[in-house]
Amino acid sequence: MRAAADRAASIIHRILLSLVLLAALCESDPDLLFDYCVADPAAAAWFHLNGLPCIDPAAARAEHFATSALSRATNPSATLFGFNVTVTSPAASLPGANAQGLAMARIDLAPGGVVPPHSHPRASEVALVLAGSVLVGFADTSYRLYTQLLRAGEAFVFPRAMVHFLYNMDVAAPAVVLSGLNSQSPGAQLVPLSAFRTEPQMPEEILKMAFKINGQDVHRIQRNLGG
């Protein structure tokens, strides 16, 4: 009996140790071993890393750590939901942010525009309203909803992977939001598109059962979303 108990304890110990090691290995943005790692986009085409390869640190310049990508407004009026997002990218606009575990985004919302329910599987987000009045909110895994109306200068945190939204309450004026995310590659998954705009399409019976709708509703929603 004692030997069996010892073997069971040893197995449990190995399982727990494996889970801890797996969790450590699965961190999306590992710590740097250098002061910085300015991205080298030219080296990124032929192999894949958790981040981009670095240039020689001696070749780093101040402009590698600066960007004007978020200073330019976009026109979201003709988009599907009335919003546009400009995200910093180490490969294109902010090479000095490579491997720093962060990204920034500018969200332009048309009057009455909405960023529909979505999630960032690899990042938490803090959203700061620069202009306008924006209703924000997220739902946790207990399906409790947290909402707040933000005005210019006010901010709100969306916990990692929680489904959240942003809605411009003003139907006459645009809104602008600046977001910071704690991952170089936060990912974004919009709930409406994940359900109704996948390739190949989600089985119709699944959608009918999940949303308590009929086949005509499924096709109508797919058409409305451009599918």
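Among contacts in the protein chain between residues at least 6 apart in sequence, what percentage join residues at least 24 apart? The value is 68%, where contact means heavy atoms within 4.5 Å.

Before I go on, a word on the source: this is a predicted model, in which local features need pLDDT of at least 70 and side-chain atom pairs count only at pLDDT 80 or more, while totals for chains, interfaces and linings use all residues. Residues are numbered from 1 along each chain as its sequence is written, and side-chain values use heavy atoms, with hydrogens and water left out.

Let me begin with the overall layout. The protein chain has four helices and 10 strands, these being DSSP runs numbered from the N terminus, with helices (H or I) of at least four residues and strands (E) of at least two. Along the sequence the pattern reads α-β-β-β-β-β-β-β-β-β-β-α-α-α. Of the 227 residues in the protein chain, 32% are buried, and here buried means under 20% relative accessible area, exposed means over 50%, and partly exposed lies in between, with a 1.4 Å probe and protein chains only.

I turn next to a pair of helices. Helix H3, residues 204–211, packs with helix H4, residues 215–224, at an angle of about 100 degrees, and their axes are 9 Å apart; the axes are lines fitted to C-alpha atoms, for helices over the stretch in contact, and the angles run from 0 to 180 degrees between N-to-C directions. H3 and H4 are therefore roughly perpendicular to each other, since angles of 65 to 115 degrees count as roughly perpendicular, under 35 as roughly parallel, over 145 as roughly antiparallel and the rest as oblique. On the H3 side the residues are Glu204, Leu207 and Lys208, and these meet Gly215, Val218, His219 and Gln222 in H4. By class, this contact of H3 with H4 holds two nonpolar, three polar and two charged residues, where Ala, Val, Leu, Ile, Met, Phe, Trp, Tyr, Cys and Pro count as nonpolar, Asp, Glu, Lys and Arg as charged, and the others, Gly among them, as polar.

Now to the second largest pocket. How much space lies in the second largest pocket? The figure is about 230 Å³. A pocket, on a 1 Å grid over the protein atoms alone, is an open set of points where a 1.4 Å probe fits, with protein on both sides within 12 Å along at least five of seven lines, and lining residues have an atom within 4 Å of a point. Of the 17 residues that line this pocket, Val85, Val87, His118, His120 and Ala188 are the closest to its centre. At least two lining residues come from each of strands E1 (83–87), E2 (103–109), E3 (114–119), E8 (163–168) and E9 (175–181), with E1 giving the most, namely three. The lining divides into 11 nonpolar, five polar and one charged.

Finally, some loops and local geometry. Pro111 sits in the loop between E2 and E3, and at 36% relative accessibility Pro111 counts as partly exposed. Pro111 and Asp170 are 59 residues apart in sequence, yet 5.7 Å apart in space, C-alpha to C-alpha. Leaving aside neighbours within four places in sequence, Pro111 is in contact with Asn168, Asp170, Val171, Ala172, Ala173 and Pro174.

Most residues other than glycine have a negative phi, and most peptide bonds are trans. Ala99, in the loop between E1 and E2, has a positive phi of about 65 degrees although it is not a glycine. Ala161, in the loop between strand E7 (155–158) and E8, also has a positive phi, near 70 degrees. Glu199 and Pro200 are joined by a cis peptide bond, with omega about -5 degrees, and Pro200 lies in the loop between helix H2 (191–196) and H3.

Note on methods:
Grid points are joined across faces, edges and corners, and a volume is the space filled by probe spheres set on the points.
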